[in-house]
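Subject: Handing over a structure

Dear colleague,

Please open it first, and then read the notes below beside it.

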Amino acid sequence: MMKITRDYVHDIMRASQPPVAFCESGDTVIFETRDCYNDSIIPGEKQPKDDDPSYANPATGPLFVDGAQPGDQLKVEILAMDLAPQAVMRTSPTDGAFPRYFKERYFQIFDLADGRWVQFDEGLSLPLSPMIGVIGTAPKEEEIDTETPFDHGGNMDCNKIGVGTTLYLPVNVPGALLSMGDLHALMGDGEVLICGLEVAGEVTVRVTVLRDQLKVPTPFAVRDGRVMTIQSADTLDEAAGKAANAMMDFITQASGLHPRKSGMLMSLLSDMAVCQIVDPKKTVRVEFPQSILEHYGVRLP
Ligand code: CA
Ligand code: CA
């Protein structure tokens with residue numbers, strides 16, 4: 001199985017980013033990723049090394065998927081995640097929801113017990129729920145740094161993107177140019193302090209090019225019987241409107257239901273959640289039961 005090592009990172013998603021690996025549609029590939037502070041942890045140490053500013057949120061890749069052409073969609077099935085044994089968090093005096101509390105960046109390293117638990121303090125251990133913070137394809141024309149989420153994916157910080165998730169991303173350029181990084185061992189919706197439980201690791205994915213099949217409004221995820229639109233914009237209001245309308249359009253067009261009916265179903269059954277409020281654009285997702293789509297004959301590719 002092909003593995004792209006942590007040596008191959010970049011911090012801008014763009015059409016001109018040279019691919020570091022090539023695969024066929026249907027292949028399984030491992031991405032080895034650095035933590036979002038460019039691997040600030042020295043194994044076994046309790047303090048991180050100095051924050052290395054050479055990359056912020058480094059993403060491993062990009063992977064060129066043979067045959068992927070603009071207008072296709074890329075299906076990314078997340079098969080496995082393996083986390084490094086230690087993770088890190090920090091405070092921020094300038095960003096996140098609580099900068100008034102902090103005068104400096106304070107880093108703390110946490111031990112992860114066999115990838116399943118974190119010892120938060122002496123009396124409290126928490127179960128992990130690993131997720132991928134940054135995952136995306138090259139955007140159409142513009143360059144987007146790996147701190148920013150948008151229509152290509154990127155730094156969405158959606159805690160539903162983990163093992164068992166199928167993610168659909170746009171193909172804007174030949175080969176799609178898939179990259180990922182910024183794993184979190186655990187993170188709540190909103191990511192309110194400034195970070196998740198930041199960790200290096202490995203992600204195993206299967207990538208499939210979709211053409212001439214039902215189109216989903218990318219970025220789009222399926223997990224645990226829920227379909228999700230994940231949209232980013234300058235404000236939460238805008239992101240919420242984008243995510244809700246992306247789901248509304250999809251349900252209406254794919255099912256053939258009258259918008260009165262699909263709108264009512266969404267008001268009854270969809271859930272809106274804030275993925276993160278800490279990145280240059282904010283991210284909101286809207287979830288809807290897959291079983292209801294299937295009831296109306298919609299099958300996802
Ligand atoms: Ca992030
Ligand atoms: Ca992060």
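A salt bridge is here a side-chain nitrogen of Lys or Arg within 4 Å of a carboxyl oxygen of Asp or Glu. By this rule the count comes to twelve salt bridges, and please keep in mind while you read that the model is a predicted one.

**Salt bridges**

One of these salt bridges joins Lys3 to Glu202, whose closest N and O atoms are 2.6 Å apart. This pair links distant parts of the chain, since Lys3 sits in strand β1 (residues 2-4) and Glu202 in strand β19 (residues 201-210), 199 residues apart. Lys3 itself counts as partly exposed, at 39% relative accessibility.

A second example is the salt bridge between Arg226 and Glu287, where the closest N and O atoms are 3.1 Å apart. Arg226 belongs to strand β21 (residues 226-233) and Glu287 to strand β23 (residues 282-289), so this pair ties together parts that are 61 residues apart in sequence. Glu287 also forms a salt bridge with Arg285, and there the closest N and O atoms are 2.7 Å apart. Glu287 is buried, with a relative accessible area of 9%, and Arg285 counts as buried too, at 3% relative accessibility. Both residues belong to a network of salt bridges that links Asp189, Arg226, Asp271, Arg285 and Glu287.

Which residues coordinate the calcium ion (ligand 1)? The donors are Asn155 (OD1), Asp157 (OD), Asp157 (OD) and Asp182 (OD), at 2.2 to 2.5 Å, and in sequence these donor residues are spaced N-x1-D-x24-D. Distant parts of the chain are linked here, with Asn155 in the loop between β15 (153-154) and β16 (166-170) and Asp182 in strand β17 (residues 176-184), 27 residues apart.

The calcium ion (ligand 2) is coordinated by Asp182 (OD), Asp182 (OD), His184 (NE2), Glu198 (OE) and Glu198 (OE), at 2.2 to 3.2 Å, and the spacing of its donors along the chain is D-x1-H-x13-E. Asp182 therefore deserves a careful look, for it bridges the calcium ion (ligand 2) and the calcium ion (ligand 1), which lie 3.3 Å apart. With a relative accessible area of 2%, Asp182 is buried, while Asn155 is buried as well and His184 counts as buried at 0% relative accessibility.

**The loop between β8 and β9**

Where does Thr91 lie? Thr91 is found in the loop between β8 (86-90) and β9 (107-113), and it counts as buried because its relative accessibility of 10% falls under 20%. Its side chain reaches the backbone oxygen of Glu104 at 2.9 Å and the backbone nitrogen of Tyr106, also at 2.9 Å. Leaving aside residues up to four places away in sequence, Thr91 touches Phe102, Glu104, Arg105, Tyr106, Leu193 and Ile194.

Phe98 lies in the loop between β8 and β9, but this residue is partly exposed, with a relative accessible area of 32%. Together with Tyr101 and Val192, Phe98 makes a nonpolar surface patch of about 290 Å².

Technical notes
Residues numbered from 1 in each chain as written. Chains lettered and ligands numbered in written order. Predicted model: local features only at pLDDT ≥ 70, side-chain atom pairs only at ≥ 80, totals over all residues. Heavy atoms only, no water. Helix = DSSP H or I, 4+ residues; strand = E, 2+ residues; numbered from the N terminus. Buried < 20%, exposed > 50% of the residue type's maximum accessible area, 1.4 Å probe, protein only. Polar contact = N/O pair within 3.5 Å; in protein donor to acceptor, adjacent residues only side chain to side chain. Contact = heavy atoms within 4.5 Å. Donors = N, O, S within 2.8 Å, 3.2 Å for Na, K, Ca; no water. Patch = residues over 30% accessible without salt bridge, like charges linked within 9 Å, V, L, I, M, F, W, Y side chains within 5 Å. Areas by Shrake-Rupley, 256 points an atom, 1.4 Å probe, with all protein chains shown as cover.
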